[in-house]
Amino acid sequence: TPWADAAQSESGDFPAEHKGISKFGEKVVLEMNRLGMMVDLAHVSSDTMRDALNVSKAPVIFSHSGARAVANNVRNVPDDVLETIKIKGGIVMANFYSCYIIDDCKNNNATIDDVVKHINHIRKVAGVDHVGIGGDYNGVSILPIGLEDVSGFPKVFEALINDKTFEWTDDDLEKLASRNILGVFRAVERVRDGLAQSKVDNTWIDPQDFNGKTGCRTGL
C-alpha cells in the first residue's frame, strides 16, 4: 500500500518506499485499533512488522506465516519479531505453503514434519500462547505431502505429539487449534472498547505518498 511496505520489498520485487510504515500508516493502525479490526501482518516486510507492533495498542496477527529461522523466505517472521509478539501479545499462525516452509520447493517435497518445525520454532521463541495454524488452503497450489486438504489437520497434531522437541499437552493443542486466536479476538475487542470514546481520525493521506502509483496490485 502507499503507507506500508509489503514483504516483496525485502526480495527486491517491490520498492521499499517507507522502510516500514509511513506516518499515515501509523494512523491506519491506530484507527484499526479503535474500530476493533485485527492488524494482520502476514504479507508485510519485517520493518513493517516491527513498526506496526510498535504502534498498535492491540495484539496483532500473522494469519498465515512461518518462522524465517526455519525457512528463509520474506513471508516468514524473523526471531526478533517473534520475541516482540511474546512481549506485546498476538499470534503467528503457521502457513502450509510448501515454498514458505522449505527453502527449495521446486526440487523437494515439503512434509508434515516441516510444518512441525515451524510450529515448534514459533513456540520456542514466542511461546505456546502465541502460535496457531493458518493453512492458507484458499491461496496456494503446492502443499506438503499429507496436507493436501483440511482432512490432514489431525496428522499435524499427531506429529506434534510424537515429536520430542516439546511435550504437547492436550491444553497446548487446544491453544494451537483455536484458543490462542480466540484470545486475540477478545483482546482486540477489549482495546476497541477502551477506545470507544476516542475521536475518529479523518486525516486524508498525503497525495505525495502515492508517488504517482494509484493502481491495485494482486497476486501477492
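1. Buried here means under 20% relative accessible area. Keep that cut-off in mind for the points below. The model is predicted.

2. Start with helix α3, residues 46-55. Its buried residues are S46, T48, M49, A52, L53 and V55. An α-helix has 3.6 residues a turn, so residues three or four places apart point the same way. Check the buried positions against that rule on the structure above.

3. What do the buried residues of α3 pack against? Three helices and strands can be looked up by number: α2 spans 23-35, β1 spans 60-65 and α4 spans 79-88. Helix α1 is also among the partners of these buried residues.

4. Helix α1 covers residues 8-11, and S9 is found in it. S9 has a relative accessible area of 14%. That value is under 20%, so S9 counts as buried. The C-alpha atom of S9 is separated by 9.8 Å from that of G20. Along the chain, S9 and G20 are eleven residues apart.

5. Now the cysteines. The disulfide count comes to one. The link joins C99 to C105, with an S to S distance of 2.0 Å. A disulfide is a covalent bond between the sulfur atoms of two cysteines. The angle about the S-S bond is 85°, and the link of C99 and C105 is right-handed.

How values were computed: Residues numbered from 1 in each chain as written. Predicted model: local features only at pLDDT ≥ 70, side-chain atom pairs only at ≥ 80, totals over all residues. Heavy atoms only, no water. Disulfide = S-S within 2.5 Å. Helix = DSSP H or I, 4+ residues; strand = E, 2+ residues; numbered from the N terminus. Buried < 20%, exposed > 50% of the residue type's maximum accessible area, 1.4 Å probe, protein only. Contact = heavy atoms within 4.5 Å.
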